[in-house]
Structure formats: C-alpha cells, structure tokens
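Student: I would like to learn how to read a model like this one, feature by feature. Could we go through it slowly, beginning with a single side chain?

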Amino acid sequence: MKKTMRIVLAILAAGMWIGASEFIRNELLFKYIWIDHYSGLGLLFPSAMINNAVWGIWSFVFAGTLYVLSRKFSLIAAAVLGWVMGFVLMWLTVANLGVLPLMILLPAVPLSALEVFLALLILRRIDPVTI
C-alpha cells in the first residue's frame, strides 16, 4: 500500500474510533449530566445535527494531529501531548465559559486518556513509525 494511502487510512480509522468513543461517552453514557447541568443554567444542551457534525470534524482533525505527534514523539509523549491539546484545553475553555459540569471529569479523564492512547495505537498499527 502506498504511504499516502496508509496515512489517510490511519487517520480515517483513528478519527472513526475517536468519533465513536466521543459518541458513546457523551451521548449514551453521560448525556444526562450535560442536560441536567445546562438545564440548571437555564440553557438547552446543544445537540442539533450541526453540533454533531462539528464534533465529527473535530474527531478527524484530532486524529490528524495525533498522527503528526506520533511521528515526532514516543507513544507515551504523543499520548500525553495529544490528550492535553485535545481535552485539557477543551475542558479549560468550556469551564471558562461556565458550561462544564465538573462532575463529568471523573469518568471523562480516564476515558479520554484511553481514547487518545487507542487512537495512537490504531495510527501506529496502520502506518508504523519507522526510525
């Protein structure tokens, strides 16, 4: 398989994993936390199709970012940097806007770290890092 095709396939596969992981966590497991929190703020939780589409785009952009990190850093370093860039910065932003339910972090921290680590394994499995 050509190198370009492996890169595209790796990013697509990792992006699908990230999207599925995010969907399971935020729509199936913990959506009630988001809805209750937003309701307490007098807001509706944004879950229109456009919101979901943007999260889908985010998943593939994040997968592409993880791909680049996986070429420049060790697996652990790429996982830590990717997790901080993808999740910690997002949570800081959402918290700064006052719409982050802090209790969501208890399950989200380990699940998001696992999400990043498995995405990196997918990337490296499909397009192995050569030294």
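Tutor: Let us begin with tryptophan 17, which is partly exposed because its relative accessible area is 27%; buried means under 20% relative accessible area, exposed over 50%, and partly exposed in between, with a 1.4 Å probe and protein chains only. Before going on, please keep in mind that this is a predicted model, in which local features need pLDDT of at least 70 and side-chain atom pairs count only at pLDDT 80 or more, while totals for chains, interfaces and linings use all residues. Residues are numbered from 1 along each chain as its sequence is written, and side-chain values use heavy atoms, with hydrogens and water left out.

Student: In which helix is the place of tryptophan 17, and which residues is tryptophan 17 in contact with, leaving aside its neighbours within four places in sequence?

Tutor: Helices (H or I, at least four residues) and strands (E, at least two) are DSSP runs, numbered from the N terminus, and tryptophan 17 belongs to helix H1. Contact means heavy atoms within 4.5 Å; once neighbours within four places in sequence are set aside, tryptophan 17 is in contact with Glu115, Leu118, Ala119 and Ile122.

Student: What does the protein chain look like as a whole, and how many helices and strands does it have?

Tutor: The protein chain has five helices and zero strands, so that its elements, read from the N terminus on, run α-α-α-α-α under the DSSP assignment. Its C-alpha atoms fill a box of roughly 55 × 30 × 20 Å along the principal axes, and buried residues make up 34% of its 131 residues. Of the contacts with a separation of 6 or more, 81% join residues 24 or more positions apart.

Student: How can I judge the length of a helix, and how far does H1 reach from its first C-alpha to its last?

Tutor: The expected span of a helix is 1.5 Å times one less than its number of residues. H1 has 27 residues and reaches 37 Å, close to the 39 Å expected, whereas helix H3 (residues 49-72) has 24 residues and reaches 35 Å, close to the 34 Å expected.

Student: Which residues of H1 are buried, and what covers them?

Tutor: The buried residues of H1 include Ala10, Ile18, Glu22 and Arg25, and their cover includes helix H2 (31-40), H3, H4 and H5. In H3 the buried set includes Trp58, Phe62 and Leu66, and the buried residues of H3 pack against H1, helix H4 (75-96) and H5.

Student: Is isoleucine 18 buried or exposed, and what does isoleucine 18 touch?

Tutor: Isoleucine 18 counts as buried because its relative accessibility is 0%. Beyond four places in sequence, isoleucine 18 is in contact with Trp58, Ser59, Phe62, Ala63, Leu66, Glu115 and Ala119.

Student: Why does serine 112 count as buried, and where does its side chain find a polar atom?

Tutor: Serine 112 counts as buried because its relative accessibility is 0%, and its place is in helix H5 (residues 105-126). A polar atom of its side chain lies 3.0 Å from the backbone oxygen of valine 109, while serine 112 also touches Arg25, Trp83, Phe87 and Trp91, not counting residues up to four places away.

Student: Which residues does isoleucine 122 touch?

Tutor: Isoleucine 122, in helix H5, touches Ala10, Ala13, Ala14 and Trp17 when residues up to four places away are not counted. The C-alpha atoms of isoleucine 122 and alanine 10 are separated by 6.8 Å, although the two residues are 112 residues apart along the chain.

Notes:
A polar contact is a pair of N or O atoms within 3.5 Å; within protein, one must be able to donate a hydrogen and the other to accept it, and residues adjacent in sequence count only if both atoms are side-chain atoms.
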